[in-house]
Amino acid sequence: MNESDGPTHRVDLLFPEQRLVFAHGRGEAVLQQTPDSPAGFKRYKEIQAAGDPAAMLVIPNASLIQASKPYVVDPGVAMQGAPYSAAIESYGVNAFHVQDVILTHMHFDHVGALIEFPGRRVFVHEIELRQPYAPIQKGLLELCDVVELSGDEGEIEPGLRWMLTPGHAEGLVTLLVDTADGLVAIASDCVGPMPEYFDEMTLPEDFPNRETLLAQWRKIRALKPVLIVPGHYPPFVPAGN
Ligand SMILES: [Zn+2]
């Protein structure tokens, strides 16, 4: 690879997504055994549809981008053991050298583990900072140096771009990373919750912001990514690639 081929960055998972579903009530909580995250989501909906109490604990995919410097994307849920910092070290990167964090959006499950990265620069779209749920994360952001993204698209550095992909959250950004294998799209919760929805480019008729989301999916597909990292199921090669 010579310089004219452009940047080749890396994208790795810091913590693969997890979904724990509980049927609970009357002092009991029973963890549901499901083969994978989408099956867990279905089980959660089934319990609710039966009129019973259900609880779900979801941990999104957290990524490490290695570009001219390392970036953590969506640190995830705050957990004991500083798992995200430890995972950075597992890739041979000193966690203290990570000075930049990118939040695809401000839902709590993507932001809570920012507690492991105080004092860092945090990129987030300004629209997210105005959402009703943003104040919940205010204390965490106050520990950091917030860089507000604005507009429809932009570049964080060569080979690391973002585009606004609203629908799941108004200010959700999809990250576009040039890697040696091709373009990797970190689409977060823009893509989901079931893999077949994106595979078939359809969503249930009553799905919130259905048309907006489908328009984002067409935008992502048009870029022909070799890999898509959704929020809550494993990274996948889009059908047709
Ligand atoms: Zn999420």
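## Pairing at one edge of the sheet

Strand E10 and strand E11, the latter made up of residues 160-164, pair with each other in the antiparallel sense, and four bridges join them. Within this pairing, Glu153 stands opposite Met163, which belongs to E11. The model described here is a predicted one, and the positions named should be read with that in mind.

## The sheet as a whole

E10 and E11 belong to an open sheet of five strands, in which the order runs E10-E11-E12-E13-E14 and the pairing is mixed. The edges of this sheet are formed by strand E10, covering residues 153-157, and by strand E14, covering residues 227-230, each of which pairs on one side only. On average, and with direction ignored, neighbouring strands of the sheet are turned by 20° against each other.

## Overall fold and dimensions

Taken as a whole, the protein contains seven helices and 14 strands. Its radius of gyration is 18 Å, close to the 18 Å that the globule rule gives for 241 residues, and the protein is therefore as compact as a globular protein of that length.

## Burial and contacts

Of the 241 residues in the protein, 37% count as buried, a residue being placed in that class if 20 or more other C-beta atoms lie within 10 Å of its own.

Notes
Residues are numbered from 1 along each chain as its sequence is written. This is a predicted model: local features need pLDDT of at least 70, side-chain atom pairs count only at pLDDT 80 or more; totals for chains, interfaces and linings use all residues. Helices (H or I, at least four residues) and strands (E, at least two) are DSSP runs, numbered from the N terminus. The radius of gyration is taken over C-alpha atoms; the globule rule is 2.2 Å times the number of residues to the power 0.38. A residue is buried if 20 or more other C-beta atoms lie within 10 Å of its own, exposed if 12 or fewer, and partly exposed in between; C-beta atoms are placed from the backbone. Two strands pair if DSSP finds at least two bridges between them. Axes are lines fitted to C-alpha atoms, for helices over the stretch in contact, and angles run from 0 to 180 degrees between N-to-C directions.
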